[in-house]
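Reader: Please take a close look at the aromatic ring pairs in this model. I would like the geometry and the surroundings of the rings involved.

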Number of protein chains: 2
Amino acid sequence: MKATIEKRLGLKELADKVVSAEEAAALISDGDVVGMSGFTRAGDAKVVPLALVERAKNEKFQIDVYTGASLGPEVDRYLAEAGVIRKRGPYQGEPALRNLINKGEVLYVDGHLSHVAELVRQNIYGPIKFAIIEACAITKDGYLIPTNSVGNSPILADFAENIIVELNISCSESFIGIHDIYVPEKQGDRGPIPVVSATDRIGEIGIKIDPKKIKAIVISENTDAPSLIVPPDEETDIMANNLLNFLRDEIKAGRLTSKLAPIQSGVGSVANAVLQGFQDSEFEDLEIYSEVLQDAVFHLIDAGKVTFASATSITLSEELGKEVFENMDKYADKLCLRPQEITNQPEIIRRLGLISVNAALEADIYGNVNSTHVSGTRMMNGIGGSGDFARNARLGIFVTKSYAKGGTISSIVPMVSHVDHTEHDVDVLITEQGVADLRGLAPKERVPLIIENCAHPDYKEQLWAYYNDAVKKTGNSQTPHNLEKVFSWYVNYAKNGTMVE
Amino acid sequence: MKATIEKRLGLKELADKVVSAEEAAALISDGDVVGMSGFTRAGDAKVVPLALVERAKNEKFQIDVYTGASLGPEVDRYLAEAGVIRKRGPYQGEPALRNLINKGEVLYVDGHLSHVAELVRQNIYGPIKFAIIEACAITKDGYLIPTNSVGNSPILADFAENIIVELNISCSESFIGIHDIYVPEKQGDRGPIPVVSATDRIGEIGIKIDPKKIKAIVISENTDAPSLIVPPDEETDIMANNLLNFLRDEIKAGRLTSKLAPIQSGVGSVANAVLQGFQDSEFEDLEIYSEVLQDAVFHLIDAGKVTFASATSITLSEELGKEVFENMDKYADKLCLRPQEITNQPEIIRRLGLISVNAALEADIYGNVNSTHVSGTRMMNGIGGSGDFARNARLGIFVTKSYAKGGTISSIVPMVSHVDHTEHDVDVLITEQGVADLRGLAPKERVPLIIENCAHPDYKEQLWAYYNDAVKKTGNSQTPHNLEKVFSWYVNYAKNGTMVE
């Protein structure tokens, strides 16, 4: 192990910074704003947070935690449950943390993932005292090599006063060279970000750090918590087919070629399942320009369908993770991990003309989408990058099953209870019932497509009844609504356990 | 006049295309999709539309009309009232058209103004049969020189099957050289858009056209309908001061320098009045990178406060318009008119780090903004470019008076009745009551700032009562709401003429 550490710690002047997790955790003070590496349970700081959990058993202290995106249980479950997190952003996905957020015990600020780096530059979160960053290696010329994700680590390392490195020696050295680290200058001083193809490398192999800021290096062998996605099911298969058929129609209409365009696919089981649908399709030479690479992408690479995948993180199921991470050499020339400021950058998303597929919690008859809030009040995960992609992509596609909770909830409602993506950012809506292509349509033109093509049959009549009544009451206005009854479905659900009237 | 026409019509092969407005209007067929020049009543086609109005007296026909943004009364009043417009996009602002839209007699699809060019490229509006474009001149090398706006004219001229030119000889020749026409390649084939400063010129002086597509040239001397903005009042003066004080605090915090950053200011009286507030301030060397230049910008140029202004249109009050348009030479080196795909491009807005100021109809206690729909149903104007700017600017600022209709309406409500800008796109909210800086805050942290700093005193108690009840009912969830009562203020207003409970 000593040899491994020496090999991974190329910058020899830092050898005396190697300490225990407890010693590193002791550096953090009550009230600190702490940046951490990690994006969708990948490449997150793990051992120092667990030492903070231990410390919290004997001492009351709280910190604010800002990251790339969601972290694994070390932070978003154990540290949260220990009462150490005062405020958290910009994304989370652990039931334990979600529960604390919705009881008002943790403040949570979700937001567009492309915005976070600018907010750090502007010192909006407050001075960042520490960045805790998992690294695969520190090279002799001072580059910190990330592990399974890049996320916001470059900007956090740049702006933090101090850095703690978790040097994870279980991360394969074949990760070195996979990352492409490029950090734009501040606004007003920067030129174009020169990515013009998903495959472009524009930066450096790691995060250039000021060694003086490194206050501790902790050796870690802990691996990422695996992805929790569930396999495709009959309905996600139908949704995938609906997407494929829609894309075939786009080719027929001359709007896409058979090579399609670089694809972004959101986080979670539904988006993964829909992407998996490409495997048995005729599509080839596909490129991915996404946030997170989930299982489906590696299956598609293995199947020869995907030639290149760019993202900011790799989050895999336990089984596939073992296979992929032990054979990274096999994927090295087909992968690129970038900062999320680059993967989610409107400039690049629009330039490349992505096909973007993200999951919705619910959509309404006019095409507004709720991605985050159950019944308008309780946070699920967060908006993540869905807004960065949906608004700027060539095709902003949202997918959802038409119903939830055994049919007692309709995913198509009169008005969504929280708006994350407005009618102007939702190009196409896909459920297991069908496809609604909303581009270029006025609100009232969208209604029949959404109700007839996307809603579950059990709710169609009820949706039409709402709409027809609203048309009558408003004199057929631009966007008919009856504000007295618009949320009655949620009220009914809360009282009677069903949205069926 | 003949000499003027010869001078303005440099491409001599087109001389035989000069026809009357009636002859040009006769080329349009029932069912045609027609693109028109014009952006906020500036540079719009005028004489052919009026001939279409005449034609409609004896013939029933309908067309779809897509433009830069809102047009003057020739199209958005008279042509609409003649029943000729079946569908209209992407923006309008005439009471007559608004009325028809809200009676369901005209379909209206508003949307982000930066999206329109991509939708045209993708043929989403249907094949564009005719583009009717007002021009100041057609040069001998085939450039069509726009007049007071560029808007979507380049992309419409490129994709339309046929072009009708309104050669407006009342437009001063000093407009030649003010425009900077740059049209990106299609998505996937394009590189960066090379604007790195508000003053950069990256394109050509006019729209390069295929002369074969020009089917008619109509000589016009009609001037644009003047802007309808009203002068600043006591409350907009206070709002302007609130903005200036906020910017001073940003300088103190080290986030801005005294030169600020390029400013975007929305369309309408309130945004104009707030911008006018810079005149008596200490700020100098200001740059504008906006959609529309209204009166305030020219006052600021005259006062030596603004050194350069980039936009896609110039819309002035009658009095100021006469002065400016007859003395364009004076402004030529301080102005640039670009296509709206460039002025509103997220790539450039984020690169330059704009300060963006747009008007809201209403905002809610969590920071969501409604820019378009009165009581969630009746369209006012449209979202326009506010979303392009707010989401991508360094500072997405929204301004509104805290009340409307003599205090019977509160502009701060429990939940906005229509969401145009989500909580993640609204950085700062300013009313005549004060400023709420929402950056980096969780929803529940925003509530006291919005209620205490921005709401009208008459509604503060009522807002707190709603919020406190919602907190209790939801167990203090991420975004407390009581969906049974959330829109009761609108219901009360509809029934009793006031939101006061």
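Author: A residue counts as buried under 20% relative accessible area and as exposed over 50%, with partly exposed in between. The model is predicted. Over all chains, the structure holds 17 aromatic pairs. One of them is formed by Phe175(A) and Phe325(A), with 6.0 Å from centre to centre and 35° between the planes, a tilted arrangement. Phe175(A) belongs to the loop between strand S9 (162-168) and strand S10 (207-208) of chain A, while Phe325(A) belongs to helix H11 (residues 318-325) of chain A, so this contact ties together parts that are 150 residues apart in sequence. Phe175(A) has a relative accessible area of 1% and is therefore buried. Phe325(A), at 22% relative accessibility, is partly exposed.

Another pair consists of Phe487(A) and Phe487(B): the ring centres are 5.3 Å apart and the planes meet at 25°, so the pair is stacked. Phe487(A) sits in the loop between helix H17 (457-474) and helix H18 (488-496) of chain A, and Phe487(B) in the loop between helix H17 (457-474) and helix H18 (488-496) of chain B, so the pair joins two chains. Phe487(A) is buried at 3% relative accessibility, and Phe487(B) is buried with a relative accessible area of 3%. Ring pairs also bring in Tyr490(A) and Tyr490(B), which form a cluster with Phe487(A) and Phe487(B).

Rings also take part in contacts with charged groups. The charged end of Arg55(A) is over the ring of Phe61(A), 4.2 Å from the ring centre. In chain B, Lys208(B) lies over the face of Tyr143(B), 4.9 Å from the centre of the ring.

Note on methods: Residues numbered from 1 in each chain as written. Chains lettered and ligands numbered in written order. Predicted model: local features only at pLDDT ≥ 70, side-chain atom pairs only at ≥ 80, totals over all residues. Heavy atoms only, no water. Phe/Tyr/Trp six-rings, centres within 6.5 Å; stacked < 30°, edge-to-face > 60°. Helix = DSSP H or I, 4+ residues; strand = E, 2+ residues; numbered from the N terminus. Buried < 20%, exposed > 50% of the residue type's maximum accessible area, 1.4 Å probe, protein only. Lys NZ or Arg CZ within 6 Å of the ring centre and 35° of its normal.
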